[in-house]
Structure formats: structure tokens, C-alpha cells
Amino acid sequence: MPSQQNIDLTPFNTLALPGKAARYQKITAPAQLTAGDLAEGKRFILGGGSNLVLIGDFDGLVLHIAIPGKRLLKEDSEAFYIEAGAGENWHDFVQWTLQQGWPGLENLSLIPGTVGAAPIQNIGAYGLEVGDCLHSVSAWDFKNQAFFSVDRNHCRFAYRDSLFKQEGWHLNGQIAISSVIFRLPKAWTATIRYADVTQELAAQQIASPSPQDVADAIISVRQRKLPNPAAIPNCGSFFHNPVVLPEQAALLKAAHPSLAQYSQPDGRVKLAAGWLIEQAGWKGKNLGPVGMYEKQALVLVNRGGATGSDVKRTMAAVQADVLAKFGVALTPEPIFL
Ligand code: EPU
């Protein structure tokens, strides 16, 4: 299938930012990735476009990964192994696994994006990260012209991070993930330690939640706090929750007792970026057409007609104010193209 030229990318990024791709091609089967001409020149691998800030036109090739498919690969006494094409919608895939009676992914309900994008930034929510439930990732390497597979143990999963980001493979378009295998243990226990989830289940008077109950609770919480990109364009949390040294965390806590802090296994401390942004006066505030959402200050929103430059301007203003007030540098979560 030949690529198309000068394609408008506004519908392909959930922040709804304008920009054109010099070349655009949809990939609907892994074998299409092997076409020799795709390996030439600049490439960007696009999934659901839900973690992307489009700065303007892209003068290379956008490969839109729309590879479908989901199936039970195998089952042993301990776990179900499920394979899914990289282009499957993440939320629909999670709901399908639950309907099949394979729990484990319910805490990641309603996260926008695709199956193939999930491991790149190790998507996470409410006490679970995708790396916790993943078996292996298959991808096409444009440089070496070969498919390869990476086991979970080699994916170097960390907070919103993985091998695919660390090696720059995703950013420079060197690889395209084609499918992912998940390992969902048969011994299931609900992960419901986050206050938002506990409160939601309590409000519904559910004492022993089923996997679907947990999914439904999380869907309710997310719908209440996070804007639907179809109505208010956004890309989820815009900044990482910053992780600081314990000494800095202690000083901040002494000065600001209500600042939410979470101890990390390595001794450092994660701070709630949403709190820092809210306290810096940005919750519900706009700069031009781009602001921080009124119900969750960590979510940057396009109020209508914004460009990539508008996003950069608001981002820089928020970073400057948080740095000036708290001495903490905020790092953006999405990729800039
Ligand atoms: N907070 C505020 N004001 C706000 C928002 C948050 O004070 O406007 C404080 C509150 O103290 C709250 C705390 O921040 O208790 C944490 O907020 P929340 O539970 O909403 O989660 P988050 O830390 O802002 C992270 C992830 C989300 C994920 C939720 C739930 C990151 C960057 N974000 O947000 O992931 O859904 O936890 O687990 O780690 C995403 O990555 O795109 C994303 C949505």
C-alpha cells in the first residue's frame, strides 16, 4: 500500500493540535512493516496519539500502527497468556479480557491509547503498571530489518519508563511494536489501596469487589476527574510526578504539610505534581487557548484552536511558576513531534 502525502494529523492526536505529515501510512499487519521503503528517512510511529504534542508539520513518514487481533495464546496452571495486536484500543482490550474471565488489567481501564503504546511509557494507574502484567513485546527493527522479541525482565520497566524509551528507539522511530503478550495470573486479588478507588467501592457498598467491580469503580473515578479527549482535547497527565531526594521532600513537607508524598523503593520520594500545580495557582487557569484542567491540575487541556506553540507556552509558564514557588522541576510526560 503506498503512503499518502500531506495528511492532516489533527484527528490523530488527542490534544487536537494541527500539523501535517509529509507522508502517512496505515499499518494493518506486521508483514507490512518489512517493506524496504519504510526504512528510509525520518519516521514517527503513531499509536492512539494520546501521549503526543504535535509542534507543527512533520517532514517525514508517519506510520500509523493499526494492527488488530487478540487471542488466548496459551494457559497453564498458573496463568493465562493473551496476545494482542499493537493497534488494538487499550480500553476495549482490557474490557474484553475481563469479559473472557481473565482478570488482572482492570486498574488500567479507560486509559486512552493502544496496546502497542502501553509498554513504551509503562502506563500505570491506581497501583498497577502494565509492566506488572506483561510477558513479552514483539517489534520490527527498521535498522536491522528484523522482528525481535523482548521478555518482561529485559524491558527495564520503571515509572512511566522502559527500554523502548531509554534507548531512544521510540523517539527516533527505530522500532515499531507489532504485538504484546500479557501474562495474567489465575490467582487474583483486587488492587484497591488507592483512596479514590476504596471510596468509590465503599460508596457503592461493595465489600468484596469482582474484577469488573474494580474496573467500573476506576472508570467512575476517571470519568469524574479526567476530561474525555473527545470533548476537551488533552493527553492525560501532562507532567511526571517528580521524584526527589528525601532531604528535599522533608523540607517541602515541613513547609507544606498537605503536599502528598509517596516513598519509593529506592528511598527517594514522589511528589504529587497536581498539588504543586494547583498551589502555584494553575488549576483551571488558561494562558491563551491552553490551560490546566479545573478538576485535575495535572492535565493540560486545549480549550479550542490551540497549536503546539500554545502548548509549549503554557507548559513553560507552569514549569516556571512551580520551580519558583517550590524549587521543583516538572518534566513533561508526552512526546513532542
Ligand atoms: N492533587 C491536587 N490537585 C489536583 C490534582 C491532584 O492537590 O488538581 C493531589 C492530591 O493530593 C491527590 C494527589 O495529587 O491526592 C494525586 O492525584 P491523583 O490521584 O489524581 O493522581 P496523579 O498523581 O495526579 C497519577 C498518574 C495518572 C493516574 C493516577 C491514578 C502520573 C503522571 N499520573 O496521577 O496517570 O491515572 O495517578 O493512579 O503518574 C497519566 O499518566 O496520563 C495518568 C492519567
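Trainee: Over how many bridges do β14 and strand β16 pair?

Mentor: This is a predicted model, in which local features need pLDDT of at least 70, side-chain atom pairs count only at pLDDT 80 or more, and totals for chains, interfaces and linings use all residues. Residues are numbered from 1 along each chain as its sequence is written, and side-chain values use heavy atoms, with hydrogens and water left out. Strands are DSSP runs of E (at least two residues) and helices are runs of H or I (at least four), numbered from the N terminus; two strands pair if DSSP finds at least two bridges between them. β14 and β16 (residues 269-271) pair in the antiparallel sense, and the bridges number two.

Trainee: What is the order of the open sheet of four strands?

Mentor: Its pairing is antiparallel, and its order is β13-β19-β18-β17.
β13 (234-237) and β17 (286-287) each have a single partner strand, so one side of each has no neighbour in the sheet. The order again: β13-β19-β18-β17.

Trainee: Which residue is the bridge partner of S237 in β19?

Mentor: β13 pairs with β19 (residues 299-302) over two antiparallel bridges. In β19, the partner of S237 is V299.

Trainee: Which helix packs on the sheet, touching β17, β18 and β19?

Mentor: Contact means heavy atoms within 4.5 Å. Directions come from lines fitted to C-alpha atoms, for helices over the stretch in contact, with angles from 0 to 180 degrees between N-to-C directions. At about 35° to β18 (290-292), the helix on this sheet is α7 (residues 308-326).

Trainee: Which strand gives the largest share of the lining of the second largest pocket?

Mentor: A pocket is an open set of points on a 1 Å grid over the protein atoms alone, with protein on both sides within 12 Å along at least five of seven lines; lining residues have an atom within 4 Å of a point. Here 25 residues line the pocket, with L110, P112, P227, N228 and P229 closest to its centre. α4 (211-225) is one of the elements that supply at least two. The largest share, three residues, comes from β13.

Trainee: Which residues line the largest cavity?

Mentor: A cavity is a set of grid points where a 1.4 Å probe fits but cannot get out. The largest has a volume of about 50 Å³, the space filled by probe spheres set on points joined across faces, edges and corners. Its lining is L9, F12, N13, F44, L46, L52, L54, V62 and L337.

Trainee: How many residues of domain 3 are in contact with domain 2?

Mentor: The domain assignment, automatic or from a database, gives domain 2 as 70-185 and domain 3 as 195-225. Their C-alpha centres are 24 Å apart. Domain 2 puts 12 residues in contact, and the number for domain 3 is 11.
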